[in-house]
Amino acid sequence: MRVVFLGPPGAGKGTQARRLKERFGLQQISTGDILRGNISRGTPLGTEAADYVQRGQLVPDDLVTAMIERELEHAPAGFVLDGFPRTVAQARALDALLTRRRTPLDAAIYFKGERSALVARLAARWTNPRTGRTYNAITNPPKVAGIDDDDGGPLIQREDDRPETVAKRLEVYDRQTRPLVEYYRKAGKLVEVDALASVTFVADRIAAALGAGARA
Ligand code: AP5
C-alpha cells in the first residue's frame with residue numbers, strides 16, 4: 001500500500017499516519033518530523049531548512065525531493081507519506097520516482113476540515129519531539145500535563161504553532177498545496193475524509209477506503 005496524505009495544518013495527518021503505520025505496518029515518512037529532526041541535530045539539511053520552517057514557509061522543492069528520494073531508497077513497498085508532496089513540482093517528482101520503481105501510488109487521502117477548528121487544534125497541540133506523538137490539551141490530554149504517556153519524555157509546543165506562523169502556513173497551503181487536490185482527483189487517486197470527525201472514525205474511513213479501493 002502506497003499512500004500520500006494531503007491537507008491543511010492541524011488536519012490530523014500525523015495522527016493518522018501513526019495509526020496507519022501501526023495498523024498495516026507501513027513505513028511512515030513524515031517530512032515535517034524529518035526536517036525538525038535535522039534542525040535539532042544541526043545537520044546541513046537542517047541548517048538550510050530551519051529558517052523556512054520557522055517562518056511557516058515551504059522548504060525548497062529540490063531539498064525536500066532529494067530527502068524523500070533518500071527515504072524511499074530504504075523503504076519497503078508500502079509507505080505513508082505525510083506532508084509530501086506539497087507542491088505540483090513535488091507531486092510530479094514523486095510520480096516520476098514511483099514510475100521508475102514500478103510502484104505506483106494507491107491513493108491520496110485528502111483531510112478536509114473547517115479552518116477555525118484546525119487553528120484551535122494547533123493552539124492546543126503538545127508534541128513529543130522524540131517520537132512525534134501528539135496530544136491535544138482539550139480533546140486528548142496526556143495523563144500528566146507536559147509528559148508523554150508512552151515514554152515519560154517531555155512534551156513541547158511547536159514553534160511554528162504560534163498564531164502568526166499558523167496564519168502563514170495556512171496561506172502557503174492555499175497557494176501551493178491545495179492545487180494538489182485537483183491533481184490527484186484527475187489522477188483518480190483522491191479519497192476525501194472528514195478531518196473534523198473523531199480520530200477513530202477517520203482511521204476507519206481511511207482503512208475502509210484503502211481496503212475497498214474506494215475513491216471519492
Ligand atoms: P508539518 O510538520 O508537515 O506540518 P503541517 O502539514 O502543517 O501539519 P501539522 O503537523 O501541523 O498537522 P497534522 O495535520 O499532522 O495534524 P496532527 O495530527 O498533528 O510541516 C511543518 C513544516 O515543515 C512546513 O511548514 C514546512 O516548512 C516544512 N515542510 C514539511 N513538508 C514539506 C514539504 N513537502 N515541502 C516543503 N516544506 C515542507 O493533529 C493536530 C492536533 O489535532 C493534535 O493536537 C492532535 O492530537 C489533534 N487531532 C488530530 N486528529 C484529531 C481528530 N480527528 N479529532 C480531534 N483532534 C484531533
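User: How far is an oxygen atom of the ligand from an N or O atom in the side chain of Arg86?

Analyst: In this predicted model, the distance from the Arg86 side-chain N or O atom to the ligand oxygen is 2.5 Å. Arg86 is among the residues that come nearest to the ligand, together with Thr15, Gln57, Arg125 and Arg169, out of 35 residues around the ligand.

User: Which part of Thr15 lies 2.6 Å from an oxygen atom of the ligand?

Analyst: For Thr15, a polar side-chain atom lies at that distance from a ligand oxygen. With Tyr135, a backbone N or O atom is placed 2.9 Å from an oxygen atom of the ligand.

User: How are two packed helices described?

Analyst: The description uses the angle between the two helix axes and the distance between those axes. Take helix 4 (residues 61-73) and helix 5 (residues 88-101): their axes are 10 Å apart and the packing angle is about 25 degrees. Angles under 35 degrees count as roughly parallel, and helix 4 and helix 5 are therefore roughly parallel to each other.

User: In which hand does helix 4 pass helix 5, and which residues make the contact?

Analyst: The crossing of helix 4 with helix 5 is right-handed. On the helix 4 side, the contact is made by Asp61, Val64, Thr65, Glu69, Leu72 and Glu73. Helix 5 contributes Ala89, Gln90, Ala93, Leu94, Leu97, Leu98, Arg100 and Arg101. By class, the residues of this contact between helix 4 and helix 5 are 7 nonpolar, 2 polar and 5 charged.

User: At what angle do helix 2 and helix 3 cross?

Analyst: Helix 2 (residues 31-41) and helix 3 (residues 44-55) cross at roughly 115 degrees, and their axes come within 8 Å. That makes helix 2 roughly perpendicular to helix 3. Helix 2 passes helix 3 with a left-handed crossing. Leu35, Asn38 and Ile39 of helix 2 meet Leu45, Gly46, Ala49, Ala50 and Val53 of helix 3. The contact of helix 2 with helix 3 holds 6 nonpolar and 2 polar residues, with no charged residue.

User: Where do the axes of helix 6 and helix 7 stand in relation to each other?

Analyst: The axes of helix 6 (residues 115-123) and helix 7 (residues 163-177) come within 11 Å and cross at roughly 135 degrees. Helix 6 and helix 7 are therefore oblique to each other, and helix 6 passes helix 7 in a right-handed crossing. Their contact joins Arg115, Val119 and Leu122 of helix 6 to Val166, Arg169, Leu170, Tyr173 and Asp174 of helix 7. The residues in the contact of helix 6 with helix 7 comprise 5 nonpolar, no polar and 3 charged.

User: Which residue other than glycine has a positive phi, and where is its place?

Analyst: Arg102 has a phi near 55 degrees. Arg102 sits in the loop between helix 5 and strand 4 (107-112).

Methods:
Residues numbered from 1 in each chain as written. Predicted model: local features only at pLDDT ≥ 70, side-chain atom pairs only at ≥ 80, totals over all residues. Heavy atoms only, no water. Axes fitted to C-alpha atoms, helices over the stretch in contact; angles between N-to-C directions. Helix = DSSP H or I, 4+ residues; strand = E, 2+ residues; numbered from the N terminus. Parallel < 35°, antiparallel > 145°, perpendicular 65-115°, else oblique. Left-handed = near helix turned anticlockwise from the far one by under 90°. Contact = heavy atoms within 4.5 Å. Nonpolar A, V, L, I, M, F, W, Y, C, P; charged D, E, K, R; others polar. Near = heavy atom within 4 Å. Polar contact = N/O pair within 3.5 Å; in protein donor to acceptor, adjacent residues only side chain to side chain.
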